[in-house]
Amino acid sequence: MTEPKDIDLLVQADVLYPMMSNEEIILNAEVAIINDQIVYAGPKLNSNKWNAKEIILGDGKVVMPGFVNCHSHAASLVFRGQSDDGAGGKALYSVAFRAEATITPEQWRDFARVGVLDMVKAGFTTINDIWYEPEALAEICLEAGLRAQIAYKVFDVCLEDLYLNLYNHSTKIGDMRLNRGVDFVKNWNGAGNGLITGRIGPHATDTCSSELHKNAYMEAKKLKVGRHTHAAQSAGEVAYIRSKYGVGPVVYLQELGVLDPDIILAHLTYADNADLKAAASEGVKYAHCSTIYPRRGVYPDIIEITKKGIEWGLATDWMMNDPFEAMRNALNAIRLKQGKHTAYTSTQALYGSTTDSATVLGLENSIGKVQEGFKADLIQIDINQPHLVPFYAEYASIAYYARASDVVTSIINGKVVMRDRVVIGIDETKALEAVAKHIPALSDKMLKLGGAVHPGLCPCGF
Ligand SMILES: [Zn+2]
């Protein structure tokens, strides 16, 4: 008889969705973990096979890879309810961009902590974030144990003037921000046993000058890291780029020579065929934010994007941090847009938010699957719920019926970061209290900018 194998953690499940290319779903399964790695994932073996330091039982549980969010802004939750019903991208320019300029680093830190908490509780085990105060976000991700690619938001205009269509590019501001982005990568890339990765983040095609886009490209190459940017996000951005350069935003970036497989473009909402051709020919990666588009009444041509072979994954963008919502919004919107129920399947939605999103981040060989040799990034979902029974163990069972609040356990890099919905590294009560303190003053500000309609009703204003 062979000796039991020493392992750190054994995670069991009634149902395992490994997200392997064969679309297999395994009943009565277990995952064995040593350090940060999966050493076995499959049907339950004989109970004396493992000598585990810890066992997490799997009765009534699904195990699957943690969700991967390939475009997020953890701290942006301050705008919840403030720009959702505004006129599409206009609310972004008139409310959010103007309010952002007045929010302090301490406030961003407090918002980011709640955003990270929200994302871990929703089942994300990796995020790709671009925002202010990247150092604070990196610290919070390490507190929570969340895997993150992080970029500092680099731009050279006054965001608060863009709603007036005023683009005054300042080399001094652009250089200052790019330097901070570079310093962030130098100081944080690889931190926390590789949990944190840096990216360079030229914010958007219109908020950086051509020079700044080129400099961001060169700095990223020197640092050997990827880039993360917004492209063809709003009609205003497209109009500005067209009026100035005579082409669409993606063709513009291509002509600058800054597109390659190391850049992630978020949105492509208003990209035309020439833009999509440029994106495909340069091998860029694409973050598809299925929740924000319907809210703005527009949807990118995802069928053409897929046909052209552009690799893409599902993302949440800002304010919303829910992968289940992202899957269902994509399913509904793509089917409606195409007028056929076969346009996008629940299987595709689950792959889109795990393995495909990992590919966008360049992590397809280490996360996004529950597979031997992969990093141990996985979640347990409690299926003993009125909205989940009977659980037939199909892809549709998760994509259509599970909710973020069903995620009970999260393991990232082999470490249990959430048990019974409690995120171990973050004090939830304190985190929520810290945010509540900032809201009364910010609520007044939003009102002046045309955001909040009923600021006095915010229960945080005690
Ligand atoms: Zn975004």
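Predicted model: local features only at pLDDT ≥ 70, side-chain atom pairs only at ≥ 80, totals over all residues.

Visitor: Then where does Leu164 sit?

Guide: Leu164 is in the loop between β8 (147-154) and α4 (171-188). Together with Tyr163 and Leu166, Leu164 makes a nonpolar surface patch of about 270 Å².

Visitor: Why is Leu164 called partly exposed?

Guide: Buried means under 20% relative accessible area and exposed means over 50%. Leu164 has 47%, so it counts as partly exposed.

Visitor: What makes strand β10 largely enclosed by the rest of the structure?

Guide: Count the buried residues: five of the five in β10 (residues 227-231) are buried, so the strand is largely enclosed. Arg227, Thr229 and Ala231 point one way, while His228 and His230 point the other way.

Visitor: How do you know that β10 and β11 pair?

Guide: Pairing takes at least two bridges found by DSSP. β10 and β11 (residues 263-267) have five, in the parallel sense, so they count as a pair. As for Thr229, its bridge partner in β11 is Leu265.

Visitor: What coordinates the zinc ion?

Guide: His71 (NE2), His73 (NE2), His230 (NE2) and Asp317 (OD) do, at 2.1 to 2.3 Å. A donor here has to be within 2.8 Å of the metal, so these atoms qualify.

Visitor: Which parts of the chain do His73 and Asp317 tie together?

Guide: His73 lies in strand β6 (residues 67-73) and Asp317 in strand β14 (residues 317-318), so the pair links parts that are 244 residues apart in sequence.

Visitor: Is Asp317 buried or exposed?

Guide: Its relative accessibility is 2%, and the cut-off for buried is under 20%, so Asp317 is buried. Asp317 also has a positive phi, near 65 degrees, in a residue other than glycine.

Visitor: What makes Glu133 buried?

Guide: Glu133 has a relative accessible area of 18%, and that is under 20%, so the label buried applies. Glu133 lies in the loop between β7 (124-131) and α3 (134-144), and its phi is near 50 degrees.

Notes. Residues numbered from 1 in each chain as written. Heavy atoms only, no water. Patch = residues over 30% accessible without salt bridge, like charges linked within 9 Å, V, L, I, M, F, W, Y side chains within 5 Å. Areas by Shrake-Rupley, 256 points an atom, 1.4 Å probe, with all protein chains shown as cover. Salt bridge = Lys/Arg side-chain N within 4 Å of Asp/Glu carboxyl O. Helix = DSSP H or I, 4+ residues; strand = E, 2+ residues; numbered from the N terminus. Buried < 20%, exposed > 50% of the residue type's maximum accessible area, 1.4 Å probe, protein only. Donors = N, O, S within 2.8 Å, 3.2 Å for Na, K, Ca; no water.
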